[in-house]
Amino acid sequence: MKKTLVLVLCGVLVGVIATWAVMRYVVPNWHRSAVDNTYWRVTSQLDPGGEAFAYFHAEEAGKAAQAVLDALLRNVASLPEGSRDQAMKGLGMVDLMFKGYGLDEISGVGFSSFAVKPWLHRIRAVIHHRPGRNKGLLWNILGPAPRSLDEAEMLPAGAALATVSDYDFFKLIEWTSQIAPRIVAQGGTAVQAPTPEQSMAMVKAGLQMAGIDYDRLRKSYGGRLGMVLALDPEKRVLLPAKEKPLSIPEPEFALMVRVNDTYLFDTLRAKLPPQAQAKFSDAGGVKKIAFPRLPLPLPLEPVIVQQGEWLLAASRPALADRILDRRSPRLAASAAFREISAKAPRRGNGFGYIDPLLPRLLAQALRENMAGFQPHAALEKILAVLEGGRGLYWVVENTDQGLIYTMNHTLEISSLPGLIEAAAQIAAEKAKEKAAAVPAGGEPAKSE
């Protein structure tokens with residue numbers, strides 16, 4: 001009996017391996033284009049069987065675009081001198097950005113839309129590059145590989161908008177220092193363009209004059225940025241509007257920076273002038289710079305806090321406390337977040353969330369100022385979509401073959417024609433109002 005069971009298990013294992021090998025190596029070469037494309041590599045990351053599925057072989061388009069740019073650069077020599085210099089500068093910038101950003105390295109683009117549930121739709125978009133063709137900024141601004149999206153557990157309950165992403169500011173600075181001198185050189189000016197090394201040295205020198213050590217700051221930066229907008233439905237504030245004040249839940253916001261040490265916090269503290277009236281505290285592993293409450297319509301009592309590897313700049317101390325205190329209620333535990341993030345990747349290089357409350361607030365603002373939007377029937381179509389949504393959630397992954405974007409949403413494709421028509425009707429009415437405001441002489445009427 002045991003021998004039979006072992007043989008059965010071995011047979012199942014061999015069958016699984018054989019199936020994987022067929023799908024991985026045989027099927028992609030079974031029905032293959034005569035052109036060497038990336039169809040199978042791209043489409044293997046998409047959702048088949050849904051409402052939309054597309055692939056575009058971008059290499060040929062990229063080569064065509066580059067050929068057009070090269071031809072234009074060759075032919076501007078026949079233009080008059082002034083026009084020639086301007087044309088060369090503009091085309092040179094386009095050429096440098098095209099190559100430097102990595103657009104010429106895109107080998108394929110894919111898109112799919114799949115209904116996870118009757119009301120929940122998942123969009124997948126892939127921007128692919130071949131192995132080794134990932135030198136442009138496009139592929140290097142995010143983290144090197146997908147990771148666990150642990151920050152989802154940091155978001156406090158009540159977050160209406162939140163996003164956390166890997167972002168390498170210093171790659172952007174260094175890429176700019178490489179591109180900027182070449183753009184200056186393309187301009188054809190008498191000024192000697194600096195070398196990339198000189199450009200980078202000038203950046204470092206400028207920061208040094210401000211008392212910031214570039215290399216030390218780079219070492220301190222943890223490579224992740226985040227933003228949180230929270231709304232408290234139990235407290236209301238009034239915002240001025242065209243027809244009448246708009247009542248909204250009290251907003252709070254915070255910026256989040258992942259750090260490796262306290263250099264950034266200490267630098268910010270050292271740069272504060274005495275008139276800022278900031279108070280510093282350091283207790284229980286929490287460093288804090290608190291500022292006086294500002295006399296603004298919105299509650300604003302800024303604070304800079306660092307606890308462990310996260311540095312926060314928040315509009316109010318209470319929001320910073322809720323983010324850093326893992327015992328406080330979490331957004332990830334809410335029904336709205338769980339519903340909209342269902343079947344989305346749990347690993348990536350960044351994610352974002354929009355709560356259903358945010359588009360409903362926008363609908364409220366539009367509804368309370370309907371006089372400025374005609375026809376009302378068209379506006380009602382837009383309001384119905386805003387009020388009926390269940391939020392938005394997205395994840396971006398930077399893989400060894402390119403970028404993969406996943407977005408969960410609740411917008412029905414069937415509603416798009418009506419939305420486009422409604423927006424067009426409102427835009428047409430706005431155009432008529434603008435035309436009617438212009439007198440016969442052609443000058444706009446001046447308001448008293």
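**Before starting.** I'm working from a predicted model, so I keep that in mind throughout.

**Entry 1: salt bridges overall.** I searched the whole structure and got 20 salt bridges. Side chains of opposite charge can pair when their charged atoms come close. I picked out a few to look up one by one.

**Entry 2: Asp166 and Arg224.** How far apart are the closest N and O atoms of Asp166 and Arg224? I get 3.6 Å, and the pair forms a salt bridge. Asp166 sits in strand E5 (residues 159–166) and Arg224 in strand E6 (residues 221–239), so this pair ties together parts that are 58 residues apart in sequence. Buried or exposed, I wondered about Asp166 and Arg224? Asp166 is buried, and Arg224 is buried too. I also found that these two belong to a network of salt bridges, in which they are linked with Arg147 and Glu151.

**Entry 3: Asp215 and Lys204.** Here I looked at another salt bridge, where the side chains of Asp215 and Lys204 meet at 3.4 Å, N to O. Asp215 is in helix H8 (residues 214–220) and Lys204 is in helix H7 (residues 196–209), so the bridge ties together parts 11 residues apart in sequence. I checked accessibility as well: Asp215 is partly exposed, with a relative accessible area of 47%, and Lys204 also counts as partly exposed, at 31%.

**Entry 4: Arg316 and Glu250.** For this salt bridge I find the closest N and O atoms 2.6 Å apart. Which parts does the pair tie together? Arg316 lies in the loop between strand E11 (310–314) and helix H10 (317–324), while Glu250 lies in strand E7 (residues 246–259), so the bridge joins parts that are 66 residues apart in sequence. Buried means under 20% relative accessible area. Arg316 comes out at 17%, so I note it as buried, and Glu250, at 11%, counts as buried as well.

**Entry 5: helices H13 and H14.** Helix H13 (residues 376–388) packs against helix H14 (residues 416–436) at an angle of about 135°, and their axes are 8 Å apart. That makes H13 oblique to H14. I noted the crossing of H13 and H14 as left-handed.

Which residues meet there? On the H13 side I list Ala378, Leu379, Lys381, Ile382 and Val385. They meet Gly418, Leu419, Glu421, Ala422, Ala423, Gln425 and Ile426 in H14. Sorted by class, the H13 contact with H14 has 8 nonpolar, 2 polar and 2 charged residues.

Methods
Residues are numbered from 1 along each chain as its sequence is written. This is a predicted model: local features need pLDDT of at least 70, side-chain atom pairs count only at pLDDT 80 or more; totals for chains, interfaces and linings use all residues. Side-chain values use heavy atoms; hydrogens and water are left out. A salt bridge is a side-chain nitrogen of Lys or Arg within 4 Å of a carboxyl oxygen of Asp or Glu. Helices (H or I, at least four residues) and strands (E, at least two) are DSSP runs, numbered from the N terminus. Buried means under 20% relative accessible area, exposed over 50%, partly exposed in between (1.4 Å probe, protein chains only). Axes are lines fitted to C-alpha atoms, for helices over the stretch in contact, and angles run from 0 to 180 degrees between N-to-C directions. Angles under 35 degrees count as roughly parallel, over 145 as roughly antiparallel, 65 to 115 as roughly perpendicular and the rest as oblique. A crossing is left-handed if the near helix is turned anticlockwise from the far one by less than a right angle, and right-handed if clockwise. Contact means heavy atoms within 4.5 Å. Ala, Val, Leu, Ile, Met, Phe, Trp, Tyr, Cys and Pro count as nonpolar, Asp, Glu, Lys and Arg as charged, and the others, Gly among them, as polar.
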